[in-house]
Amino acid sequence: MRKKQLMTSSTSSVITLKINGEKHTLPVDHRTTLLDALRERLDLTGTKKGCDQGQCGACTVLLDGRRAVACLQLAVAAENREITTIEGVADGDRLHPVQQAFLDLDGFQCGYCTPGQICSAIGVIEEHAAGWPSAATSDVRPEAGPPPLSAEEIRERMSGNLCRCGAYVSIVEAVARAAGVQADERRGEDVPAGKGAAA
Amino acid sequence: MREFDYQRASDVAGAVALLGADPDTRFLGGGTNLVDLMKSGVERPARLVDIRELPLDEIEPTPDGGLRIGATVTNGDLAAHPEIRRRYPALAQAVLAGASGQLRNMATVGGNLLQRTRCGYFTDVTKPCNKRVPGSGCPAIEGEHHNHAILGASGHCVAVHPSDMAVALAAFDAVVHFHAADGPGQSPLADFYLPVGDTPHRETALPPGALITHVTLPPAPVAARSRYRKVRERASYAFAIGSLAAALDVRDGVVQDARLAFGAVASRPWRAGAAERVLIGAPADAGTYAAAADAELAAARPLPHNGYKVELIRNLVVAVLSELAEEAAR
Amino acid sequence: MTTLTTATTLHTPAVGTAHTRIEGRDKVTGAARYAGEVPFADLAHGWLVLSTVARGRIRDLDTESVLAMPGVLAVLEHRNAPRLTTDYTSLLGMRPDPTCAVFQHDRVPHLGWPVALVVAETSEQAREAAETLVVHYEQEPHDVGFGAGHPDAYAADGHMPAVTEKGDLDAELAAAAVVVDAEYTTPEEHHHPMEPHAATARWDGGRLEVTDSNQGATWVVGELANLFSLDPAAVRVRSEHVGGGFGSKGVRAHQVAAVMAATVLQRPVRVVLTRRQMFSLAGYRSPTVQHVRLGADTDGHLRALAHRSLSQTATGYEFVESSAGVARVMYDADAHHTANRVVRLDVPSPTFMRAPGEAPGSFALEAALDELAEKCGIDPIELRLRNEPDRGPVSGLPFAGRNLAACLREGARRFGWGERDPRPGRRREGRLLLGTGMAAASFPAGAMPSTASATAHPDGTFTVRISAADIGTGARTALTLVAADALRTSPERVRVRIGDSDFGPAMIAGGSMGTRSWAWAIRVAAGELRERLALGTGIPPEGITVRSDTTEAIGALAAAERHSYGAQFAEVAVDPGTGEVRVRRMLGVFAAGRIVNPLTARNQLRGGMIWGISMALHEEAVRDRVSGGHVGADLAGYHVATHADVPRIEADWIEDTDPDDPVGIKGIGEIGIVGAAAAVANAVWHATGVRHRSLPIRPDRILAAAAEAPDA
């Protein structure tokens, strides 16, 4: 059993969260979701609150390396998990390849769903690399082999992340570029002249 | 959301003991349904017992050649598991058709079986609902019900069960195993969900305070050739308006074995036994498939705005069985 | 003193070249802070309590027990809230939406009306207290039953005259060889920007500071100053990053409630709307019933055009979804009648939503044109080309550039329209039925007065300040390119600061007029600054600042029909067994003025087209007549298109520089959605042979229509 403070009836606990490799100890109301703990308590506001009900994906983070929505994860239940947020995916000043691709290919507009899209995409690429099928996979049997990460596969796997601005086409392009595959939408136009220009 | 106590269980018996007979305590698994319902005020527990760290996260073969799936296996791990994909592909497909990648990584098998309906009257505490507040009425019957039940409903509730996974489990004769205060027990999935009748708030045969520990799938050679097909109002990340888990074994043009279960048509995953009886031994052709669907759907009692589901399910049965038969013939 | 030396060197124009977003790095790293994310010491959290009845009076609120709950600081309601002034006209020329004038009386005009704000130390405490607060109502019978034939409907102007009539409609219809007479409906639709409405209010040395998510700081300052009877100079509104708006982010209940609470408690208070609260407090697009009658000669020449639209509004607020307006621009006819009507119901206030009027109006009109093309046996593009007007069909004014025909021809070429078999239900792929459809589009192009300042610094860099809002449009980046060209420098040397009402009055991000209006003001300020610098005087340490105001220049624009245009094309696959419709590909070709930043412009245009897919196939807020409120008021019940619904989409444009705009801009925020739903619906007809005149075209509707079809 857990520490004795939880053996008596209590509505708050002092917990330690491991976020982006750093430990944070804080008292939390048990009602506090991981999303609110990040945003309201730890000033990690990169994880966004879009619906607070698991219906939009804006709060996607990585829990033990797998994507999850922080709005339905109680903070107190996230102890002992490795939590990675958008603030933790870059390597210092060097953007994660998914971040770089989103930036170069304009994989966003208002930017509010973007951290969730990026964390989700990182999860998608790992899940695909691990051989996980999706609802777009025509034959899920293991002997069929892993499906190629086509645009259709990316779209299905990313569907838990709504983008109301409708930047879906360039998001799919960005995920494909970061994954090192060719999406069918690749265009030659709109090559940015600015810093971090696309090849 | 009301304040609540939180405790973490480290073994099954301890978890069940912690919960005890307290009606205000809930087990917390992935939280994808419970936490949402707590936010909307549908659930107001005074205490949560976190079971996510219990050693129930394995998928293992059973001595009889089936599979045992732990209750805290996540939907993501379930759908990715090679034995599930090889032996029960429709189960993998059903899980993959549900929710989103993020939610599948959180949601557990036990929680998925116990998830509550997504009926818009149930999830809105300002509206009447017999399932939430027994005796308060069912506004869906006269109101918005285009995605409500056509089978097995009553004048008290027409909500549908939202799970995709459970539909495939129903087709493959899964058995739900639990640990109650007086020890372990089990229930075939076919009996796990209670008829609606005049008690829509009583949903499962799980004894009070019991914890689902695992689900077993008996060996089913027919399941190796199976498919889950889900229809919804956008291409992904939406609940079903009609779905089908189907398995078919055809030899010499005759159906040897068949499994059918429907989703989003009833308060529970709907095992289509009448349809299966028509199929087995009959010629494997579209006429048989349609007759099988009709045999099951004869019991359908659609409401004014959900009659399309009868046609939808019928068409799904014919299309999916035809596909499975064609693939078998290749 | 430093002398600027770079001003006359060779300059490569930035406008027209692709640039990644200035704030892009902040957005992909999570560093960009939105309204609810700016930290404040001693912050308190407010949670709104909404009515659970659709009409009646508040008899009582049990505030005492709630005030005793942990952390609760205050409960504001009509008996104790500060008084507001509502007798004014806003920047947009409208009366204030009563939904934002919170807690002033005991009347409840719709379900989801704000009846109280609970303020607590933490958001968890505020939420639980708000949910615990018992409100006693005296309930009255309500009417939320929108539909054609409602006896209380009346013609209403909105932002255009309600009724236009030219010619003898009955006579022309009687004389027409071919007649289309059909009713089209669109449902209640909601903006649902990904960032919920959020505001933090605080008093700072006698000044009201609001950190907010909105589409125009000037607009919100004006409303708050009016509501609270403050000098506008005593109110500052900031919104550095805005997570989408689409028309919903003006002044709303949350800002007003936050200001009240900050005033009462004298500490910063944040109020954030929940997704469910947004359904009744953030505005929405009214449902419409549209009756379109077209009469034509056998060659397709329109003799008669009648477009009559009905929308709903709240009992205490008149907003008109002017769906019949698009017909006044698109097609002429010997008899041409249009009318916008509304009915007041016990519902929340509707508002502007991306292409207000044009989005639903173009669905009905462009679907009717498709029906006419079928009946005449004329290609839908040819039908439109034959009916291209020379002058405004209703206004009689000349068109200031009407490049619709070029869009149609270029689109047809790129889409492969010429190979299309016009007969429906002919293309199959396995069980699927395939079809293609098209529609034409227009949206008004305009500019509104704005002010800007441009400052030259001694180090050769520049700062431009304008009270603009970048709600995802890429405005910050586009304005940087515009400023760089006006200053004959590179974008890297220009810093554009936006989202602060202290930068002076400016247009909102709305009406497809934001970037154009702001660019105009920046162009003037920057141009004058460059002239000042060309005199060769030195730059003092504080820099040289030039201010501009475009009121006079914009007021001097000659009257004309000024619009953007577009041609929309879609290919769909329909599964007749399940009713599922999937868009396979889509192309939009637009004539929308000079494109400042092709990278972001293409994204924004495609976003509009995706809204069209979403409108055609998914979006519908369902209102329960018994309770008067929504059923399924969340993003699992209200479906917007997700990744898997969105195929390969191409958006492109033709050369269309606006000669009357200093930069050549027209505006691209809304033209992308116009006609898009019609193109999809027309493609569904081409695939199935069945006309779907009610949106969204859901699987149940496909199956029900197929069951009713004579040859089913």
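Okay, let's start with chain A and chain C: the contact takes 63 residues from chain A and 64 residues from chain C, where contact means heavy atoms within 4.5 Å. Before I go on, this is a predicted model, where local features need pLDDT of at least 70 and side-chain atom pairs count only at pLDDT 80 or more, while totals for chains, interfaces and linings use all residues. As for bookkeeping, residues are numbered from 1 along each chain as its sequence is written, chains are lettered from A and ligands numbered from 1 in the order in which they are written, and side-chain values use heavy atoms, with hydrogens and water left out.

Back to chains A and C. About 5000 Å² is buried between them, with 53% of it on carbon and sulfur atoms; buried area here is the accessible area (1.4 Å probe) that two parts lose on being put together, summed over both. The rule finds seven salt bridges across this interface, a salt bridge being a side-chain nitrogen of Lys or Arg within 4 Å of a carboxyl oxygen of Asp or Glu. One example to look at is Glu37(C) with Arg39(A), at 2.7 Å from N to O.

Which elements give two or more residues to chain A's side? They are α1 (34–41), α2 (97–105), α3 (114–129), α4 (151–157) and α5 (168–179) of chain A. Helices (H or I, at least four residues) and strands (E, at least two) are DSSP runs, numbered from the N terminus. By class, that side of chain A has 25 nonpolar, 16 polar and 22 charged residues. For the classes, Ala, Val, Leu, Ile, Met, Phe, Trp, Tyr, Cys and Pro count as nonpolar, Asp, Glu, Lys and Arg as charged, and the others, Gly among them, as polar.

Now for chain C and chain B. Here 33 residues of chain C are in contact with 32 residues of chain B. The buried area is about 2600 Å², and carbon and sulfur atoms give 54% of that. There are six salt bridges between these two chains. One of the pairs to find is Asp575(C) with Arg229(B), whose closest N and O atoms are 3.4 Å apart. On chain C's side, the elements giving two or more residues are α3 (123–132), β26 (630–631) and α17 (699–708).

Glu327(B) forms a salt bridge with Arg227(B), the closest N and O atoms being 2.9 Å apart. Glu327(B) sits in helix α12 (residues 308–329) and Arg227(B) in strand β9 (residues 226–232), so the pair ties together parts that are 100 residues apart in sequence. Are the two partners buried or exposed? Glu327(B) is partly exposed, at 25% relative accessibility, and Arg227(B) is buried, at 16%. The cut-offs are under 20% relative accessible area for buried, over 50% for exposed, and partly exposed in between (1.4 Å probe, protein chains only).

In chain C, Arg582(C) pairs with Glu580(C) in a salt bridge, with 3.2 Å between the closest N and O atoms. Arg582(C) counts as partly exposed at 27% relative accessibility, whereas Glu580(C) is buried at 8%. And here's how it links up: salt bridges that share partners join Arg227(B), Arg229(B), Glu323(B), Glu327(B), Arg431(C), Asp575(C), Glu580(C) and Arg582(C) into one network.

Last stop: over all chains, the structure holds 97 salt bridges.
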